[in-house]
Amino acid sequence: MERRREVYFVDGLPQIGTRYYGIVDQGTNVVEVRPTSLCPLNCVFCSVAAGPLEPRRWADFVVRRDALVEALKAVVKYKGGGVEVHIDGMGEPAVYNELVDLVQDMKSIRGVSVVSMQSRMFTLTERKIEELAEAGLDRINLSLDAVEPSLAAKLANASYYDPRRAMALAEYAVGNTSMDVLVSPVWLPGVNDDQIPKIVSWARAAGLGKRWPPVLIQKYVPHKRGRHPKGVRAVDWGVFWARIKAWEAQLGIRLDWRGENPFGVERRPALPKTVKAGQRIKVRIVGRGIFRNEYLAVPNKLADDPLTDRAVTVVSERPLRPGAEAIVRVVEDEDNIIIAKTEVVFL
Ligand code: SF4
């Protein structure tokens with residue numbers, strides 16, 4: 001099996017339509033921006049199976065900043081004011097080489113009120129954190145699932161990952177900049193149960209949550225494309241919330257934010273569905289998709305409008321070469337993520 005992975009620098013392609021990069025809208029005032037799918041870790045529970053050791057991935061994506069910002073301007077205008085831009089994606093966004101400029105560009109878009117980012121922070125530096133704060137980054141959602149270094153490195157499947165570095169940087173950010181940090185550990189039942197109270201106690205002592213809740217514990221949910229650690233059982237929501245309540249009582253800190261809206265999430269019109277499930281369209285293959293047997297494609301007819309043009313993920317057992325044209329049937333269009341299967345390929 002060919003194990004080499006390709007990295008694509010995306011420019012001149014639609015920024016909406018794929019999970020790999022670009023913009024994802026779920027019909028609210030929070031717009032997700034995905035600058036890269038690269039990640040230096042290999043977390044054993046990663047829901048998007050990122051990292052250098054994953055054999056199922058055969059491509060990664062990095063987006064040209066200008067293209068992303070131009071498309072985002074159109075999306076923010078469509079959404080109206082009070083938009084939070086959340087930098088996330090199928091990788092670690094902090095490794096994006098133009099991150100500071102990206103934050104600055106996004107924060108200066110009229111209608112963007114908050115810029116936030118999901119990150120493990122360990123690739124950042126104090127200087128970079130200062131630059132990000134100055135550029136307008138309001139909050140980092142820190143992914144941290146263990147404070148004990150050997151367990152954290154084991155969960156990240158990377159000996160070079162040290163949670164103490166991330167924690168020190170988070171403390172620096174809340175203590176020395178205007179930025180806030182919240183920590184969002186994934187509770188892996190039977191694996192990091194004893195780590196969660198330690199993370200919560202650290203967050204409180206470190207002063208996380210200056211403007212938002214300091215801790216948001218995530219439920220481990222196995223994903224079809226994700227990695228599934230051995231020995232971890234996914235609990236149902238009833239068990240999950242009972243555990244959260246027990247930790248709340250034990251630690252004397254609020255962990256259950258149901259019924260409130262601390263992030264100010266509001267329903268907003270979803271972006272128009274210009275490509276719909278059931279439709280047959282003619283596309284041109286651009287290159288590989290992230291996972292084997294997936295390809296990135298664009299429809300032959302584009303309007304040159306970032307709001308209506310869509311990228312398409314084509315699933316095909318048969319190898320497709322870049323430049324090939326195909327008639328595909330769209331099988332999924334949820335949240336404008338367009339997945340299609342090949343019907344006829346013109347080589
Ligand atoms: S969970 Fe995050 S940091 Fe870990 S491998 Fe996945 S994308 Fe990378």
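These questions and answers concern a predicted model of a protein chain with a ligand.

Q: What makes Cys39 and Arg120 part of the shell around the ligand?
A: A residue counts as near a molecule if one of its heavy atoms lies within 4 Å of it, and the residues that surround the ligand are Cys39, Leu41, Cys43, Cys46, Ala50, Gly91, Arg120 and Arg227.

Q: How do you know which classes of residue make up the shell around the ligand?
A: Cys counts as nonpolar, Arg as charged and Gly as polar, and by this scheme the shell has five nonpolar, one polar and two charged residues.

Q: Into which domains is the protein chain divided, and how many residues of each are in contact with the other?
A: The chain is divided into domain 1 (6-251) and domain 2 (280-346), whose centres, taken over C-alpha atoms, are separated by 28 Å. With contact meaning heavy atoms within 4.5 Å, 28 residues of domain 1 are in contact with 25 residues of domain 2.

Q: Why is the second largest pocket said to lie between domain 1 and domain 2?
A: The pocket lies between them because domain 1 (6-251) and domain 2 (280-346) both give residues to its lining. The space in this second largest pocket is about 260 Å³, and of the 13 residues that line the pocket, Gly12, Leu13, Pro14, Asp304 and Pro306 are the closest to its centre. By class, its lining has six nonpolar, two polar and five charged residues.

Q: What makes Met121 and Trp202 stand out in the largest nonpolar core?
A: Of the 115 residues in this core, Met121 and Trp202 touch the most other members, and the core draws at least three residues from each of domain 1 (6-251) and domain 2 (280-346). Leaving aside neighbours within four places in sequence, Trp202 is in contact with Leu142, Leu144, Met167, Ala170, Glu171, Val183 and Leu208.

Technical notes: Residues are numbered from 1 along each chain as its sequence is written. This is a predicted model: local features need pLDDT of at least 70, side-chain atom pairs count only at pLDDT 80 or more; totals for chains, interfaces and linings use all residues. Side-chain values use heavy atoms; hydrogens and water are left out. A nonpolar core is a set of buried Ala, Val, Leu, Ile, Met, Phe, Trp, Tyr and Cys residues joined through side-chain atoms within 4.5 Å. Buried means under 20% relative accessible area, exposed over 50%, partly exposed in between (1.4 Å probe, protein chains only). Domain bounds come from an automatic or database domain assignment. On a 1 Å grid over the protein atoms alone, a cavity is a set of points where a 1.4 Å probe fits but cannot get out, and a pocket is an open set with protein on both sides within 12 Å along at least five of seven lines; lining residues have an atom within 4 Å of a point. Grid points are joined across faces, edges and corners, and a volume is the space filled by probe spheres set on the points.
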